[in-house]
Amino acid sequence: MTHVVALGEVMLRFDPGEGRIRTARTFQVWEGGGEYNVVRGLRRCFGLRTALVTALADNAVGRLVEDLILQGGVDTSLIRWVPGDGVGRAARNGLNFVERGYGIRGALGVSDRAHRSRSAAHG
């Protein structure tokens with residue numbers, strides 16, 4: 001029995017660490033998304049059984065996002081896998097680049113969400 005189900009996009013988040021996006025040569029990656037973060041937290045903090053309804057492009061990036069979701073303990077059986085065309089015209093997985101803020105300078109986020117699989121899932 002699932003206690004909580006979330007509906008929303010999960011993006012692959014790229015973090016340049018202490019550096020800036022525009023000069024970074026390496027990034028740490030993990031999954032993220034508003035609704036997803038809630039169910040992952042409910043699973044990890046309170047042990048609730050959670051699931052996610054979303055769509056991902058069926059490619060290596062989508063499978064990486066799936067693996068990260070599984071590591072968070074969230075049920076992936078409700079993910080809709082959208083065929084990719086190899087170049088991202090038909091479906092892509094959302095990408096989110098985020099650098100940390102320091103002092104009065106806020107964090108900088110740059111999203112790449114064009115033609116993402118969630119959009120393709122509606123067609």
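Threonine 54 touches Gly8, Glu9, Val10, Leu78, Ile79 and Arg80, leaving aside residues up to four places away in sequence; contact means heavy atoms within 4.5 Å. The model is predicted: local features need pLDDT of at least 70 and side-chain atom pairs count only at pLDDT 80 or more, while totals for chains, interfaces and linings use all residues. Residues are numbered from 1 along each chain as its sequence is written, and side-chain values use heavy atoms, with hydrogens and water left out.

**Threonine 54**
- Threonine 54 is in strand 4; strands (E, at least two residues) and helices (H or I, at least four) are DSSP runs, numbered from the N terminus.
- Threonine 54 counts as buried because its relative accessibility is 7%; buried means under 20% relative accessible area, exposed over 50% and partly exposed in between (1.4 Å probe, protein chains only).
- A polar atom of the threonine 54 side chain lies 2.8 Å from the backbone oxygen of glycine 8. A polar contact is a pair of N or O atoms within 3.5 Å; within protein, one must be able to donate a hydrogen and the other to accept it, and residues adjacent in sequence count only if both atoms are side-chain atoms.

- Three strands form an open sheet in the order 1-4-5, with parallel pairing; two strands pair if DSSP finds at least two bridges between them.
- Strand 1 (4–7) and strand 5 (79–83) are the edge strands, each pairing on one side only.
- Neighbouring strands of this sheet are turned by 15° against each other on average, direction ignored. Axes are lines fitted to C-alpha atoms, for helices over the stretch in contact, and angles run from 0 to 180 degrees between N-to-C directions.
- Four bridges join strand 1 and strand 4 (residues 50–58) in the parallel sense, and alanine 6 stands opposite leucine 52 in strand 4.

**Helices on the sheet**
- Helix 1 (residues 34–46) lies across strand 1 and strand 4, at about 160° to strand 1.
- Helix 2 (residues 60–71) lies across strand 4 and strand 5, at about 165° to strand 4.

**Helix 2 in detail**
- Gly62, Val65, Glu66, Leu68 and Ile69 are buried in helix 2.
- Seen down the axis of helix 2, its buried residues fall within an arc of 160°, so they line one face of the helix; the arc is that of the directions from the helix axis to the C-beta atoms.
- These buried residues pack against strand 2 (11–15), strand 3 (28–32), helix 1, strand 4 and strand 5.
- Asparagine 59 caps the N-terminal end of helix 2, with a side-chain oxygen 3.1 Å from the backbone nitrogen of valine 61.
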